[in-house]
Amino acid sequence: MEVKNKHLLRQLLFSILLLTTVLIPTHAIAQQQGTIKGTVVDRDGLSIIGANILVKGTSQGTVTDIDGNYTLSNVDNPSTLVVSYIGYIDQEILYNGQSSINVTLLEDVQSLDEVVVVGYGSLSRRELSSSIVQVDRSDFQPGAVGNPMELLTGKVAGLNVNNTASADPNSGSSLQIRGATSISASNDPLIVIDGVTGGNIRNLSPQDIESMTVLKDAASAAIYGTRGANGVILITTKKGGGEPGKAQVTYDSWFGVNLAKSPRTVLTPDEFRRSRRGTDYGYNTVWYDMLLRDFSYDNNQYLSINGTTQSGHYGASFNYKNATGIDIKSEREEYAGRFVLEQRMLNNRLQLNGSLNARRVNEVWGNTGMFDTALNMNPTMPVYNEDGTYYQPTSPTGARNPVAEVRDIDNNGQRVYVLGTAEAKLNLIQQDNQLLNTSLAYSLHYDDLKQQYYTPSTSGESYWGGYKGRANVQYQKWYTNRLEWLFNYSLDLDDHSIKAVAGYSYEESHWERLQGGNSDFVFDNIKWHDLGSGSFLTDGKASMGTGASLSKLIGVFGRVNYNWRNLLMASASLRHEGSTKFGKDHQWGSFPSASVAWELANMPFMEDVAGTVQSLKPRVSFGVTGRSDFGAYQSLATYSTRAQYFIDGEWVNGYAPSSNANPLLGWEKSVSTNIGFDFALWNRVRGSVDYFDRQSKDLLYNYTAPQPPFVYPNILVNVGTTQNRGVEVALDGDIFKNTPVRWNSGINYSYGTTTLKQLSNDIYEASYLELYMKPGVGTSEYFFRVQEGGKIGQFFGYEYAGVEDGRMMVYDDENNVIPVGDATPEYKRYIGNGTPTSYLSWNNSIQYKNFDLNLSFTGAFGFDIFNMGTYGMGLKGAGTDNVYRTAYTDHDDMSTGGGVISSFFLEKGDYLKLDNMTLGYNLSPRSNDYIRNARFFLSAKNLFTLTGYSGNDPSIVRVNGIEPGVDSNSAYPTATQVSVGVTLNFR
């Protein structure tokens with residue numbers, strides 16, 4: 001993709017020269033000396049369209065036309081011409097008065113030598129022996145991207161980017177690599193930003209990111225020890241560049257509008273009256289529409305300045321974002337700045353690096369639960385009283401006016417993100433074939449969040465709570481200090497190449513919280529600014545809380561990479577790490593890995609097919625990683641307040657155990673094997689195939705603790721094991737190449753399942769796990785049950801058997817058909833699976849002259865969705881006021897049967913969607929004083945989804961994690977975003 005985009009940019013120069021000359025003032029050019037004409041072709045004699053011809057040392061140049069021809073006027077004699085085209089080797093040709101210069105460019109197979117960022121270093125692509133995928137800037141998801149993680153959507157086989165509320169500016173994306181394998185700890189991958197582990201991705205502007213590397217297997221991630229079990233995403237940001245003394249200025253701007261998609265259809269006011277479902281209040285209210293903005297937008301402005309000096313580089317960027325949600329409340333505003341600096345001295349022996357990313361965010365949150373309320377509200381109720389105040393429903397108990405709840409409740413926060421690094425690097429050995437350096441780096445990762453909440457005296461909460469307003473203020477901060485000392489060594493001999501890294505890492509992570517709340521205020525307009533004035537404080541009912549935690553992580557690690565004649569590549573690493581989160585008897589552990597690859601294409605017996613096979617590399621890897629993403633102090637016996645006791649005439653807080661000590665508590669261990677091969681054929685087809693087997697052992701879960709010796713009834717211990725197996729296929733090819741229309745297409749496919757292998761041992765036993773309790777008062781049902789030998793994500797409930805006399809029928813344990821009202825829990829069985837077994841993405845880049853078109857399709861297959869909409873509002877007997885129209889059309893024969901988990905509410909969730917379409921126009925003006933090149937684009941996201949599912953867009957249903965596939969009535973509305981943008985690169 002990078003090759004194609006640069007190819008296109010050069011291809012498009014010629015057709016806009018006259019227009020640009022009119023629009024942009026040009027500067028004086030060199031005195032005319034001669035005119036050159038010629039043709040640029042490849043080694044097969046085919047014309048190369050868009051090849052770049054530049055007079056070396058100047059900005060004077062042109063590009064070849066559709067027939068590969070070019071004309072270059074006013075060329076000094078003598079001069080040197082540089083002829084280049086992405087994917088081909090540059091040529092320099094001396095001009096000494098010739099009138100015609102024809103050029104034949106040779107294809108560059110050096111893409112195999114492209115540098116790929118890996119943990120604590122970098123390697124060429126040909127040296128990789130494990131499952132690593134790097135996505136460079138030119139391959140990112142194009143168009144308007146506000147959330148940096150969306151840049152990877154559909155770009156990496158095995159990586160699922162799940163965004164359940166893309167039209168909500170405050171929402172983020174959930175990331176998952178190769179499925180979910182942990183029961184209690186996080187299944188999110190580790191994020192590493194410029195070497196800083198655990199960085200917050202929302203601190204970055206997408207325009208500042210140069211590349212993202214996904215470490216999928218344990219061999220590549222083991223060097224991150226107790227945090228690498230879910231995979232690792234390495235993010236590399238821009239570091240400055242350009243000619244010394246010339247700053248590169250880039251302005252990037254886009255503006256998008258969100259077009260909300262319609263929800264499922266509920267009964268209209270007239271239909272509601274005819275159904276006689278409730279009281280007719282005489283109004284016609286479409287509650288859902290009243291929660292939607294008339295105009296929702298996303299505005300992103302970005303400016304960067306980058307440059308190079310004789311002894312270093314510098315870069316700075318500034319980013320402003322402002323967005324409103326589809327709902328009438330949500331907003332987000334961001335101000336960000338970034339600065340990077342490198343300075344070399346002492347004859348390049350000493351290198352000093354520094355960077356600072358800072359972002360201020362103002363958030364206003366809506367209440368997504370009100371979308372559910374709006375759908376099931378009585379549509380004949382009014383929104384306002386006759387005096388203009390909001391109407392407050394008086395039944396059923398707890399009923400609220402959704403418009404009033406969203407508009408009048410003030411729920412907002414202010415965030416600050418800071419990521420700063422300082423590094424000193426000393427080159428100890430600088431020889432042609434041998435390098436040794438050491439570096440010492442310090443980084444600070446800091447986040448804080450201040451939240452304010454106020455519900456006025458006129459709200460439904462106040463009405464039912466019997467007080468006048470409620471206020472709450474909370475402040476939290478998270479910060480990590482990190483110190484790292486590295487040694488890097490490389491040795492290149494005739495047949496052997498060795499690269500090694502060794503290091504020491506120390507981290508301290510802190511969290512603090514302060515919270516206060518009060519209720520019953522005299523005035524609403526004071527909100528949270530006079531928290532002590534509420535009457536609940538004097539009545540002893542106000543709330544106050546504080547909290548803090550500290551954890552430390554220390555690790556020593558090393559890795560060796562070996563390359564023999566570009567035929568045999570091998571790597572081995574080891575990390576020894578300790579954490580204060582673990583029990584005192586289990587604080588340290590070791591995480592080894594090894595991988596090997598064989599490049600068959602470089603073998604002597606492959607010489608005859610060298611033009612066909614550029615790479616054919618089988619590889620195998622093995623590694624052990626850990627998972628430690630759980631709270632501090634879990635291994636210690638802790639106490640918390642339980643009740644108050646009246647002692648000696650006063651009330652005294654009492655304390656009781658809240659957890660048992662477990663000195664053996666440790667990390668979850670992932671043991672992974674990966675077998676795969678990479679290939680590159682005919683200089684136009686590239687791809688890889690991987691099979692992986694990952695076993696996660698010592699999984700954390702709260703078990704019943706034997707009493708005695710334990711005091712508290714539950715204890716967190718390492719017991720369970722899950723197994724995750726799958727296949728990944730990535731294929732990328734140039735369908736049309738060296739033709740007027742160029743088409744590059746890439747497909748990523750992954751298949752995988754996760755099974756619970758072990759849940760109990762001799763001491764701690766559990767027959768099964770129940771996950772995700774069904775919402776509702778007094779409920780006791782769970783959506784999922786997992787037992788040994790079963791798959792993660794299996795729905796557990798009654799199997800639907802039809803309808804009789806308006807009643808839902810289900811099967812009992814002997815497959816007899818009975819009314820669901822007579823069913824008992826013993827009749828439940830596994831009825832479906834909420835985890836997709838397969839993911840597919842299809843990315844296309846089509847280029848013609850100055851235009852490019854990018855189409856990105858994504859899909860998920862082999863899973864079921866529990867339709868909570870049909871469950872709650874899809875039957876005539878639903879307990880809500882309003883229901884979906886399908887209750888009286890598709891399900892008119894069923895009156896009862898809702899309220900239980902049954903397969904009736906399960907539907908196939910398979911879908912294929914056009915996720916992104918971007919049309920771009922590129923131009924590079926003739927030599928001028930201002931603009932080097934420009935790009936304009938029109939982009940649309942979330943255009944359409946092909947699916948048989950009747951609920952929300954299945955792509956917004958949460959499928960990451962161990963509780964997947966439950967759709968919600970209160971899901972945030974989906975929307976198509978249409979954006980226009982421009983990128984200008986100044987001289």
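Select strand E35 (741-758). E35 gives five residues to the lining of the second largest cavity, the largest share. Strands here are DSSP runs of at least two residues, helices (H or I) of at least four, numbered from the N terminus. This is a predicted model: local features need pLDDT of at least 70, side-chain atom pairs count only at pLDDT 80 or more, and totals for chains, interfaces and linings use all residues. Residues are numbered from 1 along each chain as its sequence is written, and side-chain values use heavy atoms, without hydrogens or water.

A cavity is a set of points on a 1 Å grid over the protein atoms alone where a 1.4 Å probe fits but cannot get out; lining residues have an atom within 4 Å of a point. To centre the view, pick Gly179, Gly752, Thr835, Pro836 and Tyr839, the nearest to the cavity's centre among 24 lining residues. The space is about 310 Å³. Colour the lining by class: eight nonpolar, 13 polar and three charged residues. Gly counts as polar and Pro as nonpolar.

Next, the largest nonpolar core. Of its 38 residues, Phe783, Phe795, Met808, Phe866 and Phe905 touch the most other members. Core members are buried Ala, Val, Leu, Ile, Met, Phe, Trp, Tyr and Cys residues joined through side-chain atoms within 4.5 Å; buried means under 20% relative accessible area with a 1.4 Å probe, protein chains only. Strand E34 (714-736) and helix H10 (868-873) are among the elements giving two or more residues to this core.

Finish on Phe905. Its contacts (heavy atoms within 4.5 Å) include Met808, Phe866, Tyr871 and Val900.

Conventions:
Buried means under 20% relative accessible area, exposed over 50%, partly exposed in between (1.4 Å probe, protein chains only). On a 1 Å grid over the protein atoms alone, a cavity is a set of points where a 1.4 Å probe fits but cannot get out, and a pocket is an open set with protein on both sides within 12 Å along at least five of seven lines; lining residues have an atom within 4 Å of a point. Grid points are joined across faces, edges and corners, and a volume is the space filled by probe spheres set on the points. Lists of a residue's contacts leave out its neighbours within four places in sequence.
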